[in-house]
Amino acid sequence: MKKRFLSTLAFTATAALALAACSSGSDGGTDAGTDGGSDGGSSGDVITVGFAQTGSESGWRSANTESMKTAFSAENGFDLVFNAADNDPAAQIQAVRSFINQGVDAIVIAPIVEDGWDDVLQEAKDAGIPVILEDRTVTASDDLYASWVGLDFELEGQKAGEWAAAEFTEPTNMVVLEGTTGSAPANDRATGFDNAIAGSSITKLDSQTGDFTRDGGKTVMEGFLQKYGVDEIDLVYAHNDDMALGAIEAIEAAGAEPGVDIKIVSIDAVRDGMQALADGKINYIVECNPLLGEKAAELVKAVLAGDDVDKRTIVEDQAFDQAAAEAALPDRKY
Amino acid sequence: MNRIYKHRLFWPVLSLLVLIVVNTIARPQFIEITLQDGRLYGALIDILRNSAPLMLVALGMTIVIATRGIDLSVGAVMAVSGAVALTIIDRSGSPGAVGTVFVAVIVAILVSLVLGAWNGFLVSVLKIQPIIATLVLMLAGRGVALLITGGFITTVNSEPFAFIASGYVLLLPVAFFISIAAIAAVALVERRTALGVLTESVGINPEASRLAGVRSRGIIWGAYMVSGTLAGAAGVIYASNIKAADANAAGLFIELYAILAVVLGGTSLAGGKFSIAGTVIGVFIIQTLESTILFLGVPSAQSPVFFAVVVVVVVVAQSQRMRGAIARVGDAFRKQDAPERDDEKVEVAR
């Protein structure tokens with residue numbers, strides 16, 4: 001329902017923007033707008049790539065942007081035209097259109113929403129520009145894009161669940177801090193985890209959304225602690241590190257010791273999360289690797305060289321326990 | 001009895017009490033307050049503590065709305081304020097020093113004051129419509145905050161800074177005392193001096209008050225400065241609560257919740273007469289409602305609907321027309337009240 005609303009919105013807004021012709025450029029975002037070449041696609045060995053990023057809504061996203069900028073650097077033979085759409089689907093579609101008009105060699109998109117991509121992807125196809133999707137995916141038919149590189153959220157949830165199922169053999173009460181309601185990572189991480197703990201001694205007491213934010217995680221965890229009491233909860237499963245960090249604050253405020261009295265398992269492995277893991281406040285983290293740039297750059301080169309590429313490339317996620325976190329922390333890039 | 005029933009705060013207070021009763025029936029622990037390590041602990045205490053940012057923002061919003069204005073930029077100002085405070089603490093050599101935290105908080109609030117003054121300038125001097133004037137900062141402010149933090153969540157480990165939101169004094173949370181101080185300050189200035197009456201007169205009829213010699217420009221300008229400053233303080237509390245500056249999430253949609261709190265408290269969006277006590281009750285209703293969703297275990301997917309339904313019921317129940325209409329009978333009331341109901345739904349959906 002919400003998705004359909006958003007895509008309708010995206011379509012109407014795109015139509016409006018298309019009428020406004022060349023209203024491209026910065027509209028209030030941090031680094032919206034294009035910086036870089038308009039020198040078409042025919043300049044020798046340099047590959048011009050347009051990258052339509054979602055925005056800069058999280059630390060994960062910033063690390064992802066960094067990774068893309070590094071992989072598509074001039075040293076690697078690329079000319080990157082970067083656009084951050086500030087999480088506005090209409091602006092993102094418009095950015096892709098402007099890439100097509102500029103005649104870039106390839107387009108990389110991290111779609112904000114899944115729907116509403118058919119038309120613009122068809123336009124890219126008609127213009128002979130290959131499209132690589134990064135991170136999230138789209139509902140459009142898969143012959144409209146060359147390849148997708150991303151992560152398997154369900155597998156992340158499953159890994160976290162497998163750890164929990166192996167770790168807790170006594171009857172265990174768990175509460176869940178969900179991600180933003182309806183988002184793909186929240187849905188898939190829940191499914192993967194639930195499948196992995198099915199038949200184990202873990203009981204899910206309660207589950208509520210913390211919107212992937214620290215404040216949300218803290219508030220919801222406070223509520224759970226009031227509702228069930230500190231002693232009733234043994235395990236917290238947080239869909240991302242930020243909510244786990246919020247939960248740590250709440251557990252400490254309730255006079256218990258996070259990681260000991262109440263164990264925490266989470267997904268993401270951002271630096272603050274890894275620090276908390278190394279400090280013993282979180283017990284297990286499954287990584288959600290934002291460093292997709294290298295793989296995306298490989299795919300772009302392969303597609304342009306006319307090689308056959310897989311439609312789906314999944315970047316493997318690692319998992320960390322407390323000792324591994326301590327070892328990995330010093331050269332953590334994000 | 002009749003007088004109590006007719007009091008304009010009767011319905012807001014009743015709604016709050018009903019929510020508390022419902023929660024207590026669902027989970028008796030809700031009402032429980034225990035003493036733990038020299039501090040009071042319980043769901044009600046959490047509500048007092050967690051409501052502080054919304055309380056400050058809503059107080060500022062009340063004053064702005066009384067002048068016939070609206071301040072949409074409060075959430076963005078919160079984000080900027082948190083980003084400024086955390087960046088100062090993070091960059092300083094001594095994040096744990098009280099002096100550092102003091103400087104950081106003062107600078108953050110001063111920056112917010114300046115942002116509020118900018119809004120006030122646009123509205124009172126350049127006569128730009130408030131919704132447009134503050135929209136500028138609402139959209140740009142979060143970008144500025146992201147720029148300050150470099151797109152990452154800045155985290156600090158600073159005991160004195162964490163104390164602002166998580167500390168306790170005299171058994172109660174520090175954040176609650178900040179709320180009380182803000183309520184008292186606003187109430188004193190607006191109700192014990194002529195300023196409140198002047199603010200209302202500007203809101204009721206700007207032209208007439210100008211002719212009567214009221215300097216509306218200063219009053220309107222001041223209202224936005226108060227709103228900016230309070231939003232800045234709210235941003236500091238928000239950041240302190242999570243010990244981090246989360247430029248994306250800090251104060252997201254708080255402008256709408258603040259407006260909702262003001263409306264629940266019986267202040268009209270058309271400006272003029274305002275009720276500080278009403279706003280305070282409105283904030284507590286919203287915060288208790290958040291807890292209710294948790295305590296009743298409403299699934300995440302349904303919680304916005306639950307929230308909306310409760311808010312619509314409360315707003316409709318306290319509307320003058322609705323109460324008049326209940327007294328009368330017939331189909332007429334439906335026609336009269338339908339548009340108003342729709343308005344409230346839009347308010348929530350946004």
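1. The model is predicted: local features need pLDDT of at least 70 and side-chain atom pairs count only at pLDDT 80 or more, while totals for chains, interfaces and linings use all residues. Residues are numbered from 1 along each chain as its sequence is written, and chains are lettered from A in the order in which they are written.

2. The contact between the chains takes 28 residues from chain A and 31 residues from chain B; two residues are in contact if their C-beta atoms, placed from the backbone, lie within 7 Å. On the side of chain B that touches chain A, two or more residues each come from α3 (43-50), α7 (130-149), α12 (216-242) and α14 (276-295) of chain B. The largest share, five residues, belongs to α7(B). Helices are DSSP runs (H or I, at least four residues), numbered from the N terminus.

3. Chain A comprises domain 1 (23-151 + 290-316) and domain 2 (153-288), with bounds from an automatic or database domain assignment. Their centres, taken over C-alpha atoms, are separated by 33 Å. Four residues of domain 1 of chain A are in contact with six residues of domain 2 of chain A.

4. In chain A, the axes of helix α8 (residues 241-253) and helix α9 (residues 271-278) come within 9 Å and cross at roughly 45 degrees. Axes are lines fitted to C-alpha atoms over the stretch in contact, with angles from 0 to 180 degrees between N-to-C directions. The contact involves Asp241(A), Ala244(A), Leu245(A) and Ile248(A) of α8(A), and Asp272(A), Gly273(A) and Ala276(A) of α9(A).
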